[in-house]
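This briefing is meant to be read with the model open, so that each side chain can be found as it is named. Please go through it topic by topic.

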Amino acid sequence: MSGASGGGPRMVNQGRWDNPWIDGREMRPEPEVHDSAVVERTEMWPWTVIGPHCLVADSIIRDYAYAVGDNQIHNADIGKFCNIATGVRINPTNHPMWRASLHHFTYRSRSHHMGPDDPEIFAWRRSTPVAIGPDVWIGHNAILLPGVTVGAGAVIGAGAIVTKPVPAYTIVAGNPAKAIRRRVDEAAEAAFLRIAWWDWPHERLAAALPDFRALDAASFAAKYDPGN
């Protein structure tokens, strides 16, 4: 529908850094945290981004990893070049089902003016970290339960609930998440683990960019595999 001034639709090029769909966004070596995000007791490595409305605590966010927005990440080691889509929840905290009550007044007692907090529950939660390897893609609204591990290059489908370890270079989906297929064959997986391109310096990554774009996974692995 035309506006009062007449004419048809017009192209608009306007956006802020927190819009991940804007082409040409300027990334920086320094970690970026959106003003609306809360990040506590967390180590962020170079080129990392935490987007709008995220809650991140007691975690490590390694080089080039990013969380688009509306993510909750707790007690997790996020590998290099991880791609975390909107709404993903990593390591949601469990409640003490063995107690008479599940409610947090029994361990967040200070907030309820009932005495000191209970360190036992917080230590129990810290005992089940989530570890995610490099170059993992986690789709929208996926949930990774406490204690799971995700191997390098894996893909977790949108809405998946991950309850068990995900092998490297495997695509999983569903509730509970199950393997759908391999992302690459076993030979290419072994080559990628030897190449470990995610550990390359920024300059080498930039130099190899034409091959990242032009070669499929198997061809890239064959070209750069030090075992060949």
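The notes below cover aromatic pairs, salt bridges, cysteines and one lysine.

The model is a predicted one, and every value quoted for it is computed from the atoms. It holds 14 aromatic pairs, while the count of salt bridges comes to 12 and the search for disulfides across the whole structure finds 0.

**Aromatic side chains**

- Among the 14 aromatic pairs of the structure is the one formed by tryptophan 47 and tyrosine 64, whose ring centres are 5.9 Å apart and whose planes stand at 0°, so this pair is stacked.
- Tryptophan 197 belongs to the loop between helix 2 (186-195) and helix 3 (202-207), whereas phenylalanine 212 belongs to helix 4 (residues 209-214), so the pair ties together parts of the chain that are 15 residues apart in sequence.

**Salt bridges**

- Side chains of opposite charge can pair when their charged atoms come close, and by the rule applied here the structure has 12 salt bridges.
- Aspartate 77 forms a salt bridge with arginine 62, with the closest N and O atoms 2.7 Å apart; the pair links distant parts of the chain, aspartate 77 being in strand 9 (residues 76-78) and arginine 62 in the loop between strand 6 and strand 7, 15 residues apart.
- In this pair aspartate 77 is partly exposed, with a relative accessible area of 24%, and arginine 62 is partly exposed as well, with 22%.
- Arginine 183 forms a salt bridge with aspartate 135, where the closest N and O atoms are 3.5 Å apart; arginine 183 lies in the loop between strand 19 and helix 2, and aspartate 135 in the loop between strand 12 (130-132) and strand 13 (137-138), 48 residues apart.
- Arginine 183 is partly exposed, with a relative accessible area of 36%, whereas aspartate 135 counts as buried at 16%.
- Aspartate 211 forms a salt bridge with lysine 223, the closest N and O atoms being 2.6 Å apart, and this pair links aspartate 211 in helix 4 with lysine 223 in helix 5 (residues 217-224), 12 residues apart.
- Here aspartate 211 is buried, with a relative accessible area of 15%, whereas lysine 223 is exposed, with 52%.

**Cysteines**

- Cysteine 54 is buried, with a relative accessible area of 0%, and cysteine 82 is also buried, again with 0%.
- The whole structure has 0 disulfides, a disulfide being counted where two cysteine sulfur atoms lie within 2.5 Å.

**Lysine 178**

- Lysine 178 is found in strand 19 (residues 178-182) and is exposed, with a relative accessible area of 56%, a value over the 50% cut-off for that class.
- Leaving aside residues up to four places away in sequence, lysine 178 touches Ile171, Val172 and Ala173.
- Lysine 178 and lysine 164 are 14 residues apart in sequence, and their C-alpha atoms are 8.8 Å apart in space.

Technical notes:
Residues numbered from 1 in each chain as written. Predicted model: local features only at pLDDT ≥ 70, side-chain atom pairs only at ≥ 80, totals over all residues. Heavy atoms only, no water. Helix = DSSP H or I, 4+ residues; strand = E, 2+ residues; numbered from the N terminus. Buried < 20%, exposed > 50% of the residue type's maximum accessible area, 1.4 Å probe, protein only. Contact = heavy atoms within 4.5 Å. Phe/Tyr/Trp six-rings, centres within 6.5 Å; stacked < 30°, edge-to-face > 60°. Salt bridge = Lys/Arg side-chain N within 4 Å of Asp/Glu carboxyl O.
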